[in-house]
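Here are some exercises to work through with the structure open beside you. Try each task before reading its solution.

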Amino acid sequence: MTGQSIGLTTARRRRGGWVAPLMIGAVVILLAALWSGLVHLGLPLPSGGVSLHKGHGPMMILGFLGTVIALERAVALGARWAYIGPAAAALGGLGVLFAVPDGVPQMLVTVGGLALVGVFVAVDRIQRSLHNFVLASGAVCWVVAGCLWLSGWEVYEFLPWMAGFLVLTITGERLELSRLTGTSTTGRRLFMVAAAVFAAGLVVSTVTEDAGVRLAGIGLLCLALWLGRYDIARRTVRTKGLTRYMAAALLTGYAWMAVAGILWIVFGRLTAAVSHQASYDAMLHALFLGFVISMIFAHAPIIIPSVLGRPLPYHPVLYVPLALLHLSLLLRLILGDAVDNTVAWQWGGILNEVALLLFMVIVVYRLFLHKPTRRRTRSAAA
Amino acid sequence: MSVTEWLHGDADVWMIQDLLRGVIDPEVGVDIVNLGLIYGLSVSPDGAATIRMTLTTPGCPLSGYMDDAVHDVLWGAPGINSVDLQIVWDPPWDTSMMSVQAKRELGWIR
């Protein structure tokens, strides 16, 4: 058995040497955005400058999540040019952190979004599909958000487009997987109606904020209901291990998406110069923390190994940061935003960040320090 | 096939297929053989295994994960000295390629 060798040919070809630096860049952007988040919560910390303070949202969404999403797609496609997406998004996010001249970070993240659109065009040429069209639409939302940012719009003015990037990216993936449970043509049509309403809301929001955000909220609520009805997680939550953990994170995320939809319908306005205005805080974080970060927690155990080529063995301890994320978000939105208790709001926000950091610590430990038995045997044999 | 026969035998496509049943799509909870993702298996006399497989969609972020998982389950298998994993898109995967067992597990058949 000693003489045997298995060549990891295809995976190694796909993963360029720049994957690890890009992941490190994404983590640096995340940490900076989390710092900025604490400052927004009103904690007595150095603000890190105007660029970092104002750039909290774009850094998290276009910088961190943009880098990670574009990177997973670049690895999957395996084309060198596809790495322009994560590289540009990472440089843009770091540009905000290091306060490079205004316009440069905006330009870079927009280029990142364009490269991601290019990836979906390439995928379309391999195989045309409805879900790929939805994913591409999400990337177009990223580009629109980047262009609006570049042209001097305030962050809260193009927030619906950043939401569009993440919502359409995630729901496009779920639409693809819904085929495996035999979703009917009617079911797929219902998805397209909900997604079209959401997209129409984004477009309207650039002209008439109130009506646009409410329309997008209707779309969000419909998409959440669709996911609750048709998503494969409804079935896989009855399994065990990693598959069950993923389903639990997905389903709780869908609940937050529905909450976000209701909040968008009720309040209808994102415009708020003061970031801790209660309705603004709730509308944003129900979606970006409750829905999006829950999706990240769900998929990280399979996407990180896929991107880095290192095993990340599942352990039930992953439920701890997941539960903390959702419970602290309840604290933030109910006792903080709804009851208008600043201390509860701050504690909720801090614990949101603790959940994210705890998740990262667990992932890093299991990636680099935990030694699975099978791999040890493999090394010994080699 | 007994364990003793398996350990001392030559590699064959049935053995490879059995091993590939250990590669589970973690999102779905069903293995890649029952999902119908394996299009072709062959093994040469010198122990070079060739696997032609697809994914449910091109650009799937799980491709690297699947690639590693396939190599992992085949590592150390008797008679296999190297693995050539080819990911192909023709014919495009569709749900008719899933086995009855997969459909049962995913709720198509009650």
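A salt bridge here is a side-chain nitrogen of Lys or Arg within 4 Å of a carboxyl oxygen of Asp or Glu. Keep in mind that this is a predicted model.

**Exercise 1. Apply the salt-bridge cut-off to B:R21 and B:D18, then say how exposed each residue is.**

Step 1. The N to O distance between the side chains of B:R21 and B:D18 is 3.8 Å. The cut-off is 4 Å, and the pair is counted as a salt bridge.

Step 2. Next, take the accessibilities. B:R21 has 32% relative accessibility, so B:R21 counts as partly exposed. B:D18 has 52%, and because exposed means over 50%, B:D18 counts as exposed.

Step 3. A search of the whole structure gives ten salt bridges over all chains.

**Exercise 2. Which parts of chain A does the salt bridge between A:D231 and A:R174 tie together?**

Step 1. Start with the contact itself: the side chains of A:D231 and A:R174 meet at 2.8 Å, N to O.

Step 2. Locate both ends. A:D231 sits in the loop between α10 (209-230) and α11 (233-236) of chain A, and A:R174 in helix α8 (residues 155-178) of chain A, so the pair links parts that are 57 residues apart in sequence.

Step 3. Check the burial, for which the limit is under 20% relative accessible area. A:D231, at 3%, counts as buried. A:R174, at 1%, counts as buried too.

**Exercise 3. Which residue of chain B forms a salt bridge with A:R174, and where does that residue lie?**

Step 1. The partner is B:E27, whose side chain meets that of A:R174 at 2.8 Å, N to O.

Step 2. This pair crosses between chains: B:E27 is in the loop between β1 (24-25) and β2 (30-31) of chain B, while A:R174 is in helix α8 of chain A.

Step 3. Both B:E27 and A:R174 are buried.

Step 4. Count the bridges across the interface of chain B and chain A: the rule finds one.

**Exercise 4. Describe the interface between chain B and chain A by its contacts, area and composition.**

Step 1. Count residues: 41 of chain B are in contact with 44 of chain A.

Step 2. Turn to area. The size of an interface is often given as the accessible area lost when the parts come together. Here about 3700 Å² is buried between the two chains, with carbon and sulfur atoms giving 54%. On the chain B side, B:E27, B:P61 and B:W75 lose the most area to chain A, together 23% of what that side buries.

Step 3. On the side of chain B that touches chain A, α3 (63-74) and β5 (82-87) each supply at least two residues. The largest share, nine residues, comes from α3(B).

Step 4. Sort that side by class: 22 residues are nonpolar, 13 polar and six charged.

**Exercise 5. Which residues touch the most other members of the largest nonpolar core?**

Step 1. This core has 150 residues, and the ones touching the most other members are A:L159, A:L287, B:L20 and B:I51.

Step 2. Its largest share, 19 residues, comes from helix α13 (residues 278-308) of chain A.

Step 3. Look around B:I51. Leaving out residues up to four places away in sequence, B:I51 touches residues including B:I16, B:L20, B:V70, B:L74 and B:V83.

Terms used
Residues numbered from 1 in each chain as written. Chains lettered and ligands numbered in written order. Predicted model: local features only at pLDDT ≥ 70, side-chain atom pairs only at ≥ 80, totals over all residues. Heavy atoms only, no water. Contact = heavy atoms within 4.5 Å. Buried area = accessible area lost by both parts, 1.4 Å probe. Helix = DSSP H or I, 4+ residues; strand = E, 2+ residues; numbered from the N terminus. Nonpolar A, V, L, I, M, F, W, Y, C, P; charged D, E, K, R; others polar. Buried < 20%, exposed > 50% of the residue type's maximum accessible area, 1.4 Å probe, protein only. Core = buried A, V, L, I, M, F, W, Y, C linked by side-chain atoms within 4.5 Å.
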